Amino acid sequence: WGVQICYAVVVWGSIGALTVMQTRWPLVWRTLAACLCAAAATLSFLNGWLSWGLIVLMLIVEAVRSGWKDRRWLSSAAIFLAMFAGTVWYFFLEWPASKVATESEMVQGFATKPLTYGLFLLRVIAAPMTELLLTLEKEDRIQALWSVSPWIGAGALLLWAVVLGVLWKRRAELDWPKVVPWLLCGLFGLGNACALAMARAEHPYAIPFECRYPAYTLWLHIGLLALMGHFVARWQKVVRTLWVLIPVVWGGVVGGLQGFWDAERMHAGGQQIEAAAALRQVAVEPVPLDGVAPTAGPRIFTMLDELESLGLLGIRTIKSPLVADAKVLDDPQLWEGQIKSGSLASTGVNLRGWALNRKTKKTAGAVVISVQAKDGPEQWQGLATRRLREAKLAERKDAREQQGRIGWAYEALTGKETCRFTAIPMNLSRKPLPKGEATFRAYVLDVKTGTFWRLSGEVKLSLP
């Protein structure tokens, strides 16, 4: 996901500023470089403002070292103020007047729902620990750690309190210029955790464990680990060893597994988008179609038609709404599956089933739903947009899908769906269902050739 780079820049800029301030460069050049790092972090994402606080505290350390009236320090302070003021001006130059949640609303939420926000804070602090159960996929890890994560977060904060108490007790014998950067690492992690709690506490439950958030709060634990090595001499070698093992070995393993799983999920999402594009003229499927060009609305159809006219679409567009006009093959040696159940919903119908390729042992990239009214022709209705777990069936069929996700679901839409990330209404709607008794069937679609394979079974429902 390319947009994730902005979250990485926040970490690089903030920790980069802290690192630069510890080099042996002249203080003026250190301050200038650190401010450039902070500006990059700030202009990448809102929590980048925390990096300026890190620089302020490092400048205070320098002032204690050299004196508040030292010319180099005064020059560095002037550079900091100028860079900070310039960043503030540029940042707020086009600050939006209306937002999904205002700053005052976020603060009020923290005050009126302390338990909700407090639990989120503890969970986001514990979030880096969700990668410990490597044998479980992300969704399973989140479920396993959801109830225990607040205790992990509370334990981390308690350990921090113990470490700070020991550091204060031994303050006279410590080399504070070496201790302060690690304190600031911890402060950076805690500051991010608080900011995230204020902004995200009432979002869907898995939000604390999203990959970008643990990347911020991880620094709370890194600072803690480093500080522990300062007052327990025998831990110093362990700390140095862990500094190598954690990013190189552990990070490589976790990143490799997550990358593989995420690539498969993204591939599945891409297959749904391709299928929605192929069906656009006969059965509109709003959610995956919006993935072609978020917020574009009806212009998506014009864009896809233009690409097809230029020979750049790469898929076969289905032109006729009638199933009888499609190329439907009956090859039981290639695909197996069925439509298992169906039910009425207030805004449509819900259908469930499964599909599996007998050769590759992978599920179908696209399952298309048809509907046939009584005494009417069978027509294309829409696309199954969810993959479901069928663990026992997948094991019995020796499927090669994550978490046994060979099931599929066609679900009723509310009509209030919004574009992802923007909350703007989609302005796209599904084909209306017929009235009266209707029969639903399911087909696997190959978007490259426009070929269909029918899955076994059918569901009959009486539509209002």
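Contact is defined as heavy atoms lying within 4.5 Å of each other. Helices (H or I, at least four residues) and strands (E, at least two) are DSSP runs, numbered from the N terminus. The structure is a predicted model, in which local features need pLDDT of at least 70 and side-chain atom pairs count only at pLDDT 80 or more, while totals for chains, interfaces and linings use all residues. Residues are numbered from 1 along each chain as its sequence is written, and side-chain values use heavy atoms, with hydrogens and water left out.

The secondary structure of the protein chain comprises 14 helices and ten strands. Of its 464 residues, 43% are buried, where buried denotes under 20% relative accessible area, exposed over 50%, and partly exposed in between (1.4 Å probe, protein chains only). Among contacts with a separation of 6 or more, 69% join residues 24 or more positions apart.

Helix α2 covers residues 27–42. The expected span of a helix is 1.5 Å times one less than its number of residues; the 16 residues of α2 should therefore span 22 Å, and this agrees with the 22 Å between its end C-alpha atoms. The buried residues of α2 include L27, R30, C35 and T42. Packing of the buried residues of α2 is against α1 (5–20), α3 (50–66) and α4 (71–91).

C6 counts as buried because its relative accessibility is 16%, whereas C194 is partly exposed because its relative accessible area is 31%. No disulfide (a pair of cysteine sulfur atoms within 2.5 Å) is found in the whole structure.

Grid points are joined across faces, edges and corners, and a volume is the space filled by probe spheres set on the points.

Two cavities of 30 Å³ or more are present, and the largest cavity has a volume of about 90 Å³. Its lining contains 14 residues, with A364, V367, A384, R387 and W408 nearest the centre. Strands β6 (386–388) and β7 (407–410) each give two or more residues to this lining.

The second largest pocket holds about 310 Å³ of space. Of the 21 residues that line this pocket, T347, L413, G415, S429 and R430 lie nearest its centre.

Conventions
1 Å grid on protein atoms, 1.4 Å probe; cavity = no way out; pocket = protein on both sides within 12 Å on 5 of 7 lines; lining within 4 Å. Disulfide = S-S within 2.5 Å.
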